[in-house]
Structures are given as C-alpha cells and as structure tokens.
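Student: Please take me through this structure, beginning with the DNA contacts.

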2 protein chains.
Amino acid sequence: MPTDQLSRTFAALADPTRRAILARLSTGEATVGQLAEPFAMSFAAVSKHLRVLETAGLVTRGRDAQYRPARLDARPLAAASEWIGDYKKFWADSFDTLGSYLDKLQQHNTPSNDSPANDTPEERP
Amino acid sequence: MPTDQLSRTFAALADPTRRAILARLSTGEATVGQLAEPFAMSFAAVSKHLRVLETAGLVTRGRDAQYRPARLDARPLAAASEWIGDYKKFWADSFDTLGSYLDKLQQHNTPSNDSPANDTPEERP
DNA sequence: TCGGTTTAGAACCAAGTAGTTGAATAGGAG
DNA sequence: CTCCTATTCAACTACTTGGTTCTAAACCGA
C-alpha cells in the first residue's frame with residue numbers, strides 16, 4: 001500500500017491467490033480466463049489481482065485480439081530477494097549467535113544452504 | 001491478511017516502518033521506546049507494528065521490568081526466501097529464455113549476487 | 001450487422017489497516 | 001503508598017482491500 005517499490009512487491013506477494021497466479025504464469029503466458037479457472041472467484045476479482053501484480057511490476061499485459069495475456073516479469077523479485085538475503089545470517093542456525101556464525105563463515109566459506117529444491121512453490125487453491 | 005504463514009510474513013514486510021524496525025532489531029534487542037524514537041509516530045503506532053511483526057513470527061517479546069524488549073526471529077524469512085528463490089531463474093537474465101538460462105547454468109556454474117548455493121535449478125515453480 | 005466471448009469498469013459492501021488521542025496497566029523508585 | 005515510566009488498550013477516523021454484481025467495451029465469426 002505504501003508507494004515504494006519494495007513495499008508494493010511484498011504486498012503483492014502477501015496473498016495466496018496472487019502467488020498462485022505467479023506460479024501459473026511461470027509456466028507461460030495466460031489469459032484472465034485461464035488464470036481464473038482454478039479459483040472459485042469471479043473474473044473481475046482475478047482481474048483486480050492482476051492489476052495489483054501489474055502495478056507491482058510483476059506482470060505485464062499484452063493484447064491478442066480480445067485477450068489480454070498476462071506475462072511474468074520476475075525482476076522486482078530480485079530486490080525483494082536481496083532484502084531478505086541480508087537476514088540470512090539470522091536464520092542460518094537459530095542456535096548460534098551472529099558471532100559464531102561469522103566465525104563459521106570465516107573457517108569454511110559455506111554459509112548454509114537455504115533450499116533443497118522445493119518443487120511446490122505455492123498452493124493451487 | 002489471510003491466515004497462512006507465508007502471506008503473513010510477506011504482509012509484515014510490506015511496510016517501510018516495519019522493515020526499518022526489523023533492521024534495527026538486527027543489531028540487537030530494543031524496547032518500544034527505542035524503536036519509536038527514529039519515527040514521527042506515537043508509541044501506540046509502533047506498538048501496533050510490533051504486534052503485526054509478532055503475529056508474523058518475526059519478533060518475540062520479552063519482559064524486563066516495565067520494558068517489553070523486542071527480539072528478531074528471522075526464521076519465517078527462510079520460507080519467504082525459499083519461495084522467491086524458485087523464481088530466480090526468471091530474473092537471472094531477463095532477455096534469456098528459461099532454456100538458455102539452464103544452458104548457461106550448466107556451462108559455468110556461477111551463482112549470483114545474493115548468495116552462494118540455492119542456485120539449484122529446481123524444476124519449474 | 002448481430003451475437004458470443006473476453007475483459008475492464010463502476011458501484012457497492014464487509015473487513016482490515018494505519019494512524020490518532022486518551023485512559024488503563026505493570027513495575028520500579030522514592 | 002504514591003509517583004513516574006513504559007507500554008498497551010479502547011475508541012475513533014480515514015483509507016485500502018478483496019470480494020461481489022451489473023454493465024460496457026473490444027474483438028471475432030457467421
């Protein structure tokens with residue numbers, strides 16, 4: 001709701017429907033009708049969600065006859081990822097202090113992983 | 001606003017004040033008064049922001065005399081980072097298709113800015 | 001041209017959010 | 001006990017959000 005880009009990005013992600021839409025778009029363009037199909041929701045509601053994603057810069061819309069296909073643009077996620085990344089050291093090992101984390105970092109230069117390949121990015125309601 | 005954890009996490013991050021509070025807490029515990037000091041905002045408003053962060057699991061509150069110090073708990077950020085990480089391939093090079101991204105990944109195994117590891121090409125979000 | 005399909009817009013509603021002010025509570029200090 | 005500090009609660013305002021329904025617009029096909 002605030003006007004800064006990062007806030008808009010996070011706000012856009014703070015809804016399961018919108019995350020599912022992004023997941024769907026990660027497999028390719030889709031029309032509003034195709035996007036709305038899995039949801040118990042009107043087209044207009046999906047259209048509104050798309051508008052939120054659009055003003056967050058996460059999707060762009062095209063025009064193909066009467067269709068306005070939506071396309072994923074993940075670039076705003078880079079800034080979001082970067083922001084969260086600054087906190088990685090705080091969840092790297094929740095029993096370690098920051099100090100011992102930094103020690104470990106110095107010893108062997110492997111600061112934890114964060115994902116053993118999670119295939120299911122989001123629920124599909 | 002929805003009740004799922006990931007949505008609460010993203011919603012909590014979708015506000016500059018709350019992100020600033022988290023940044024402050026990353027340097028150590030702080031009381032409401034200390035947290036409110038940099039903002040042109042009442043204590044009660046900061047208290048509300050803290051409540052949002054608390055229900056998102058991002059801060060925990062203690063009790064020290066009449067103070068209720070807030071402490072960062074970054075663990076919910078891991079899930080958020082993981083979710084976003086699934087989209088990394090889509091912003092890796094916005095002019096490349098996913099296919100050529102995967103090609104490049106295979107050729108020279110160079111991660112990127114944000115973090116070593118977690119560039120595992122998990123299959124499509 | 002007429003009709004069907006796809007989408008957006010407008011008006012509306014219920015619920016939530018971000019802030020305010022002022023009173024109430026909890027705990028230490030005198 | 002009484003006062004002071006730190007924090008929350010309650011009530012209020014103003015605005016946003018996620019959804020609805022109904023209507024209008026864009027476009028294709030017959």
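**The surface near DNA strand D**

Tutor: H4(B) makes the greatest contribution to the surface near DNA strand D, giving five residues. Here, "near" means a heavy atom within 4 Å, and helices are DSSP runs of H or I with at least four residues. This is a predicted model, where local features need pLDDT of at least 70 and side-chain atom pairs 80 or more, while totals for chains, interfaces and linings use all residues. Residues are numbered from 1 along each chain as written, chains are lettered from A and ligands numbered from 1 in written order, and side-chain values use heavy atoms, without hydrogens and water.

Student: Which residue places a polar side-chain atom by a phosphate oxygen?

Tutor: A:Arg18 does, at 3.1 Å from a phosphate oxygen of DNA strand D. From the backbone, a polar atom of B:Gly33 is 2.7 Å from a phosphate oxygen, and an N or O atom of B:Val32 is 3.2 Å from one. The elements giving two or more residues to this surface are helix H4 (43-55) of chain A, and helix H3 (32-36) and helix H4 (43-55) of chain B.

Student: Changing topic: how many aromatic pairs are there over all chains?

Tutor: There are seven, counting Phe, Tyr and Trp rings (six-membered for Trp) with centres within 6.5 Å; planes under 30 degrees apart are stacked, over 60 edge-to-face, the rest tilted. One of them is the tilted pair of A:Trp83 and A:Tyr87, at 4.7 Å centre to centre and 35 degrees between planes.

Student: Why do both of those residues count as buried?

Tutor: Buried means under 20% relative accessible area (1.4 Å probe, protein chains only). A:Trp83 counts as buried because its relative accessibility is 15%, and A:Tyr87 because its value is 6%. In chain B, Tyr87 and Phe90 form another tilted pair, B:Tyr87 and B:Phe90, at 6.1 Å and 45 degrees. B:Tyr87 is buried, at 0%.

Student: Which residues do the ring pairs link into a cluster?

Tutor: The cluster holds A:Phe10, A:Trp83, A:Tyr87, A:Phe90, B:Phe10, B:Trp83, B:Tyr87 and B:Phe90.

Notes. Buried means under 20% relative accessible area, exposed over 50%, partly exposed in between (1.4 Å probe, protein chains only). A polar contact is a pair of N or O atoms within 3.5 Å; within protein, one must be able to donate a hydrogen and the other to accept it, and residues adjacent in sequence count only if both atoms are side-chain atoms.
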